[in-house]
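Please read the numbered points with the sequence and the model at hand.

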Amino acid sequence: MNNAVTLNSINKSFGEAEYKNQVLFDINLNIPLGKINFIVGPSGCGKTTLISIIAGILNQDSGKVKLLDIDQKDLTEKTKSSFRKENIGFIFQQFNLVPTISVIENVAIPLLIQGKGFSEALKRASEILNKVGLQEKEKSLPKNLSGGQQQRVAIARALINEPKIIICDEPTASLDGQTGTTIMEMLSSIAKETATTVIIVTHDNRIYNYADRIIEMEDGRIKNVREING
Ligand SMILES: Nc1ncnc2c1ncn2[C@@H]1O[C@H](COP(=O)(O)OP(=O)(O)OP(=O)(O)O)[C@@H](O)[C@H]1O
Ligand SMILES: [Mg+2]
């Protein structure tokens, strides 16, 4: 296995009939294992749509998605969903933390969904919060944390079941430069330590030096793929 993600001829439109708007055109893309991949391009060019298809949040109209060498078409809806829960961590731009439960419970959610016991899930959540430097915020509600701290909680939640692929939509856009850099340091050291594949959509040119590869999109197409660090 060489690729974390393989896309063949992906097309995607929104709307019907005269309102139909095609936003992805014949996307072919290989994302190798264990690298940090940036997806960049102008607003509206289809970045979020593309990563949502990779993550299984949206379905493509046509074309093939292979994750870790498995053609997603070969899986039933049920096995597809558990495959993705096990192998993909998704970090949303707006963090999507549950406001009414504590930080540690938010981080434990993926394990609880997988049917792990509550105390085991909390123990693991505590370990990973420690790793992202938020051990003293375990019992807080998300709203009492800064933007950067909330983003670290979202990252801890995405990492807790050690996914092979981490997908982030603009993880640093709403953060100041220093916090953005800290988040990227964390993601890149995790990627290196655990050979995790990281896919990051970003407009943030302050963090471009963390990329191994930059995938440029324009008007629903891949325009260019640049390798940065060999
Ligand atoms: N649910 C939807 N229904 C209809 N059109 C949509 C939907 N989601 C996205 N689009 C359209 O698809 C196109 C691509 O959107 P997408 O969100 O993928 O762009 P993006 O590259 O992520 O932009 P940004 O950088 O602003 O986040 C846009 O024209 C958008 O209006
Ligand atoms: Mg977007």
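1. Strand β3 and strand β8 (residues 197–201) run parallel and are joined by four bridges; two strands pair if DSSP finds at least two bridges between them. Within this pairing, Ile39 is placed opposite Val201 of β8. β3 also pairs with strand β9 (residues 213–218), again in the parallel sense and over four bridges, and there Glu216 is the bridge partner of Val40. Helices (H or I, at least four residues) and strands (E, at least two) are DSSP runs, numbered from the N terminus.

2. The model is a predicted one, in which local features need pLDDT of at least 70, side-chain atom pairs count only at pLDDT 80 or more, and totals for chains, interfaces and linings use all residues. Residues are numbered from 1 along each chain as its sequence is written, while chains are lettered from A and ligands numbered from 1 in the order in which they are written.

3. Is strand β3 (residues 36–40) enclosed or open? Five of its five residues are buried, so the rest of the structure largely encloses the strand. A residue is buried if 20 or more other C-beta atoms lie within 10 Å of its own, exposed if 12 or fewer, and partly exposed in between, with C-beta atoms placed from the backbone. In a regular strand, side chains alternate between the two faces of the sheet. Ile36, Phe38 and Val40 point one way from β3, and Asn37 and Ile39 point the other way.

4. Strand β1 (residues 3–14) and strand β2 (residues 21–32) are paired in the antiparallel sense over eight bridges. Phe14 is opposite Asn21 in β2. Six residues lie between the strands of this hairpin, in which Gly15 takes a positive phi near 80°.

5. Phe14 also belongs to the residues around ligand 1, together with Val23, Ser43, Gly44, Cys45, Gly46, Lys47, Thr48 and Thr49. A residue is near a molecule if its C-beta atom, placed from the backbone, lies within 6 Å of it. Helix α1 (residues 47–55) supplies the largest share of this shell, three residues.

6. In helix α4 (residues 118–131), the end C-alpha atoms are 20 Å apart, which agrees with the 20 Å that its 14 residues should span at 1.5 Å a residue; the expected span is 1.5 Å times one less than the number of residues. Ala121, Ala125, Ile128 and Leu129 of α4 are buried. These residues cover an arc of only 105° around the axis, which puts them on the same side of α4; the arc is that of the directions from the helix axis to the C-beta atoms. The face turned away from the buried side carries the exposed residues Ser119 and Glu120.

7. Ile128 counts as buried because it has 22 C-beta neighbours inside 10 Å. Leaving aside residues up to four places away in sequence, Ile128 touches Val107, Ala156, Leu159 and Ile160, where contact requires C-beta atoms, placed from the backbone, within 7 Å. Ile128 and Ile160 are 32 residues apart in sequence, yet 6.7 Å apart in space, C-alpha to C-alpha.

8. Helix α6 (residues 177–194) has the buried residues Gly180, Ile183, Met184 and Leu187. Seen down the axis, the buried residues of α6 fall within an arc of 95°, so they line one face of the helix. Their cover includes α5 and β8. Gln178, Glu185, Ser189 and Glu193 are exposed on the face of α6 turned away from its buried side.

How values were computed. Contact = placed C-beta atoms within 7 Å.
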